[in-house]
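Let's take a friendly walk through this structure, part by part. Have a look at the display below, then read on.

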Amino acid sequence: MGALAAGAMLFPWLTACTPEKQKDAAGGKARLGIIGTGSRGRFHLANLLEDDLVQVVAICDDYRPHLDEAAAMCPGARLYSDYHALLEDSEVDGVVICTPLSMHSQMTIDSFAAGKHVFCEKALAWSVQQLTDMYSAWKASGKVLMVGQQRLYDPKYVKAMELVAGGAIGQVVGIRNYWYRNNDWRRPVDDPSQERRINWRLYQQYSRGLMAELACHQLQNGSWAMGGLRPDYVSGTGSIMFYKDGREVFDNVAAIYQYPNGVHMTFDSIIANKHFAMGEQILGSEGTIDLVRGVMYSEQPRRRAGLRQMLEQIEQGILSNAAFAGSSWVTEAPGTDKGIRFVDNVSVVDGASSVGFSGDGSVELMHAYALAVITGVQPAEIVEEACWSTLLALLGDEATRTASRIDIPKDLFE
Amino acid sequence: MSEFIYSTRNPQVPVAYSRCNAMHTQCEILLPNMAEGDARALVNDIWAMVAAADAAYNRFRNGSPLSVINRNAAREAVEVDDEMFLLLELSETFRKSTLGWFDITANAASRLSDRHLELDAARHTVRFFSDGISLDMGGIAKGFVLEKTVKMVSGATSAALISFGGSSTAAVGSHPMGAPWPVSVAHPFYADRPLNTFNLENNSLSVSGKDPSGRGHIIDPTTGNIVSKEAMVAACGASPLVTEVLSTAMWLAPESDRAEILAAFTGYQAWELLPLATGGAKVNRL
């Protein structure tokens with residue numbers, strides 16, 4: 001977490017996990033209850049069980065096989081099949097909500113009403129109305145709200161955004177996101193009556209499809225790279241062209257967001273081809289940042305000034321260095337920069353997993369939540385960042401479903 | 001094609017600047033405190049010499065002495081002129097003193113032998129031991145020509161700065177403001193945050209690494225493959241020919257060989273420069 005704290009001036013939410021703040025939490029324990037123990041819930045549970053600041057005191061799921069699997073991971077936790085009962089548990093300081101998208105809003109609002117801190121998986125809400133209701137409930141609660149936008153805590157992304165803000169790639173002229181998989185996005189279902197419950201991601205009643213489940217992470221890159229500027233509108237299209245199995249959400253989508261300064265951010269996803277896997281690229285007038293691989297490329301090898309720079313200095317009576325030395329400058333050099341890695345030990349993921357990835361910021365994110373639960377201090381601006389990501393995902397989904405252009409309201413989270 | 005500028009904007013220090021494209025790069029000369037006519041005559045002589053060398057040591061130029069060697073030396077001993085023979089002898093000497101890491105036959109198709117050519121000093125001939133060998137003078141010719149340039153400049157004036165593509169720089173005398181020439185190694189991204197600055201005075205600096213486009217061009221003589229890595233190596237010392245060879249060898253050589261190689265080059269120093277994403281470099285004296 002120390003490395004993250006270095007970028008805290010640019011990333012307000014990181015100020016809540018500086019070494020000083022960590023001291024405030026020394027000896028404390030965040031007593032957490034997990035609501036939803038499916039694959040994502042158990043992914044977080046495994047990380048939380050390794051965190052010294054956390055005690056998982058309760059787990060809840062109304063699907064018994066999932067609850068049993070989680071119970072085996074933490075035998076001391078109390079088991080609930082109804083989240084309302086968990087919220088009445090006075091030993092639960094905060095909850096971790098990992099349920100289907102359509103349940104997030106009500107569960108979050110109920111948790112605040114019960115006096116609990118909340119971590120909620122992304123996307124935050126199934127609809128814009130639900131999203132604003134959640135935001136209002138959080139504002140009124142005085143409690144901590146954290147969201148599963150783990151890139152906000154991934155050192156690779158933090159470093160990249162620091163570079164963008166510092167002008168390393170010049171003016172941001174485009175943001176490209178894509179996420180390709182080759183699987184049907186289905187979970188095995190033993191009992192056909194459980195189809196919609198287990199495969200909720202495929203049905204519009206519970207899910208907002210690829211835009212909410214995948215794009216939500218990547219759209220956040222735009223807000224970061226554009227220095228908080230928000231897009232004016234989104235256009236999109238999508239279809240079910242391969243998995244014609246009764247699902248209601250698209251198996252391929254494409255959305256374009258336009259910012260007030262004319263810059264576009266794109267997201268496209270196909271789940272019937274995985275060749276290009278996952279990409280998140282910030283394109284600048286002088287360079288490109290590949291967020292997934294942690295590499296920065298020079299747009300055009302910076303042509304060195306050469307001795308002419310020293311000529312000009314002598315003309316002005318200046319004794320100064322001239323930066324012209326280096327490996328041989330080739331007169332016909334092509335623009336094939338192989339880039340420079342901007343963080344060590346990059347774990348490059350292909351985006352194939354629907355659960356989570358090692359080293360993607362999830363551990364840091366959950367640790368930050370535990371700190372916030374203990375100290376009661378809300379990390380700054382993370383809720384707004386997450387709300388904007390969800391808003392862009394929801395309106396992107398609407399644009400793809402209606403093949404239209406949707407205006408983006410700017411005043412929902414003030 | 002060359003460019004010549006003579007500036008008197010600083011009346012205390014008139015300065016001539018000239019550049020031309022040769023040896024696959026941009027060659028530049030800065031000559032303070034010379035009369036315009038003298039400076040113009042000097043650079044004309046230098047560029048003529050450089051052009052002749054470029055023609056001789058360019059392996060891609062059809063009919064160049066080097067291309068003739070590469071085409072025929074596997075079948076028969078090829079007679080070469082004094083300068084070419086000197087350069088071949090020097091290359092063999094450097095191959096041995098760099099433990100094989102500097103090798104003008106590095107792109108040989110066969111890697112079965114550590115010695116690919118035979119030089120006959122009596123007849124001034126060169127012969128390859130097998131097919132599939134070709135000589136690439138890219139790692140030594142620029143330093144050799146720069147050394148000749150330094151000699152020409154030193155015979156005509158007391159101060160100059162000469163850069164061949166930025167990878168080989170030679171300083172004659174000192175900066176006209178009365179201090180060593182401060183030469184910085186450029187960062188690939190930040191013009192104002194160089195990797196390191198070297199103060200040159202009657203010595204040379206060579207830098208090896210992937211080229212500014214990020215493309216690797218130096219061949220590992222043990223594998224025949226082009227090497228690509230982030231770090232660069234800078235070598236500093238009296239002779240631009242030696243620093244050119246040394247920076248290449250030290251860049252290619254593993255850490256375990258570097259001390260032994262450097263020990264063979266008395267009076268020379270080398271540094272590894274690892275560019276940092278935020279500018280500057282991690283500098284490691286070798």
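## A first look at chain B

Chain B has 286 residues, and 48% of them count as buried. Keep in mind as you read that this is a predicted model. If you trace the secondary structure of chain B, you will find six helices and 16 strands.

In soluble globular proteins, nonpolar side chains tend to be buried together. Here, the largest nonpolar core has 116 residues, and Leu32(A), Ile34(A) and Ile35(A) have the most contacts inside it. Helix α13 of chain A, residues 382-402, gives this core its largest share, 11 residues. Apart from this core lies another one, of 89 residues, which includes Leu307(A), Cys27(B), Leu31(B) and Ala249(B).

Which residues does Ile35(A) touch, leaving out those up to four places away in sequence? Among them are Cys60(A), Tyr83(A), Leu86(A) and Met107(A), along with Val95(A), Val96(A) and Ile97(A).

## A sheet of nine strands

Now turn to chain A, where nine strands make an open sheet with mixed pairing. Their order is β15-β13-β12-β11-β7-β10-β9-β8-β16. At the edges stand β15 (340-341) and β16 (405-407) of chain A; each has a single partner strand, so one side of each is left without a neighbour in the sheet.

Look at the end with β16(A): strand β8(A), residues 233-239, pairs with β16(A) in the antiparallel sense over three bridges. Within this pairing, Val234(A) has Ile406(A) of β16(A) as its bridge partner.

Helix α10(A), residues 209-225, lies across β7 (172-180), β9 (252-258), β10 (264-270) and β11 (278-284) of chain A. Relative to β7(A), helix α10(A) runs at about 160 degrees.

## A glycine in a loop

Finally, find Gly262(A) in the loop between β9 and β10 of chain A. Is Gly262(A) buried or exposed? Gly262(A) counts as exposed, because it has 8 C-beta neighbours inside 10 Å, and the cut-off for exposed is 12 or fewer.

Gly262(A) and Pro231(A) are 31 residues apart along the chain, and 9.2 Å separates their C-alpha atoms.

Technical notes: Residues are numbered from 1 along each chain as its sequence is written. Chains are lettered from A and ligands numbered from 1 in the order in which they are written. This is a predicted model: local features need pLDDT of at least 70, side-chain atom pairs count only at pLDDT 80 or more; totals for chains, interfaces and linings use all residues. Helices (H or I, at least four residues) and strands (E, at least two) are DSSP runs, numbered from the N terminus. A residue is buried if 20 or more other C-beta atoms lie within 10 Å of its own, exposed if 12 or fewer, and partly exposed in between; C-beta atoms are placed from the backbone. A nonpolar core is a set of buried Ala, Val, Leu, Ile, Met, Phe, Trp, Tyr and Cys residues joined through C-beta atoms within 7 Å. Two residues are in contact if their C-beta atoms, placed from the backbone, lie within 7 Å. Two strands pair if DSSP finds at least two bridges between them. Axes are lines fitted to C-alpha atoms, for helices over the stretch in contact, and angles run from 0 to 180 degrees between N-to-C directions.
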